[in-house]
Amino acid sequence: MYTTYSIEEIKENLKLCLSYERYIHSIGTMEKAMELAERFNLDITKAQVAGLLHDCAKCLTNEELEKYKESFEECEKLSYKTWHAPVGEIIAQRDYGVTDKEILSSIRWHTIGRIDMTDFEKIIFIADKIEQRTRETDFREKIEKALNKRNNLDDAMLKSFKITIKSLLKRKLPICFQTIEVYNDLLEKTLK
Ligand code: DGI
Ligand code: FE
Ligand code: FE
């Protein structure tokens, strides 16, 4: 309904081009996205499509991703690990026939985040971080705990950014300032 293809056809295609680990991660994100959609009263079918496709651009090499650099935010240009998000939006639309704005934007912002994300965008972002098939237990459990304490999506988003920013600092990798802006915004919102 939300794509030109059936879920099974999308799975087959992703299986062919993603690494095995990345494919299993996509399945895990799809499952977790559906679970969170049900829990937060959002569209489960949309969550299934967005979760499954969120990393679809990981089928491309960095050289191939770079060809789409006009779609990158300025701050993303420094960090090749963020490129699959803007390109994912393009591929979901062009190759999988996705027209739903919210599915597309949830793919677009699943890595660096965005201020004032919708609940749907947040559940895809969080599902990606807490899926149970490939995510490291310690990372996943910290975010899950933050989510469950007040049943609050922003708490989970904040925790996720905290861990990611820490890890980028540790690895001496550049941090997109949009990520910092989102972090500051969530900090203020979750204090209330
Ligand atoms: O694609 P995944 O590995 O499933 O997860 P993701 O899309 O959230 O990618 C996260 C990677 O991107 C992670 O290794 C951190 C890295 N990254 C690099 N620069 C930034 C960044 N993540 C954020 N949020 N902000 C950055 O500036
Ligand atoms: Fe990703
Ligand atoms: Fe992912």
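Visitor: What makes the Arg135 and ligand 1 pair a polar contact?

Guide: A polar side-chain atom of Arg135 lies 2.9 Å from an oxygen atom of ligand 1. A polar contact is a pair of N or O atoms within 3.5 Å, so this pair counts.

Visitor: What kind of model is this, and how are things numbered?

Guide: It is a predicted model, where local features need pLDDT of at least 70 and side-chain atom pairs pLDDT 80 or more, while totals for chains, interfaces and linings use all residues. Residues count from 1 along each chain as its sequence is written, chains are lettered from A and ligands numbered from 1 in written order, and side-chain values use heavy atoms, without hydrogens and water.

Visitor: What makes a residue part of the shell around ligand 1?

Guide: One of its heavy atoms must lie within 4 Å of the ligand. For ligand 1, 21 residues surround it, and His110, Thr111, Arg135, Cys176 and Thr179 are the closest. H2, H7 and H9 each supply at least two of the shell residues. Helices are DSSP runs (H or I, at least four residues), numbered from the N terminus.

Visitor: Where does ligand 1 sit, and what does "sits" require?

Guide: In the largest pocket. More than half of a molecule's atoms must lie within 2 Å of the pocket's grid points.

Visitor: Why is this called a pocket?

Guide: On a 1 Å grid over the protein atoms alone, a pocket is an open set of points with protein on both sides within 12 Å along at least five of seven lines. The largest one has a volume of about 890 Å³, the space filled by probe spheres set on the points. Its lining (residues with an atom within 4 Å of a point) holds 33 residues. Lys81, Lys129, Arg135, Thr164 and Arg171 lie nearest its centre. H9 gives the most, with 5 residues.

Visitor: What makes the lining of the second largest pocket stand apart by class?

Guide: It has 8 charged residues, 2 nonpolar and no polar. Asp, Glu, Lys and Arg count as charged. H8 supplies its largest share, 6 residues. That pocket holds about 220 Å³.

Note on methods:
On a 1 Å grid over the protein atoms alone, a cavity is a set of points where a 1.4 Å probe fits but cannot get out, and a pocket is an open set with protein on both sides within 12 Å along at least five of seven lines; lining residues have an atom within 4 Å of a point. A polar contact is a pair of N or O atoms within 3.5 Å; within protein, one must be able to donate a hydrogen and the other to accept it, and residues adjacent in sequence count only if both atoms are side-chain atoms.
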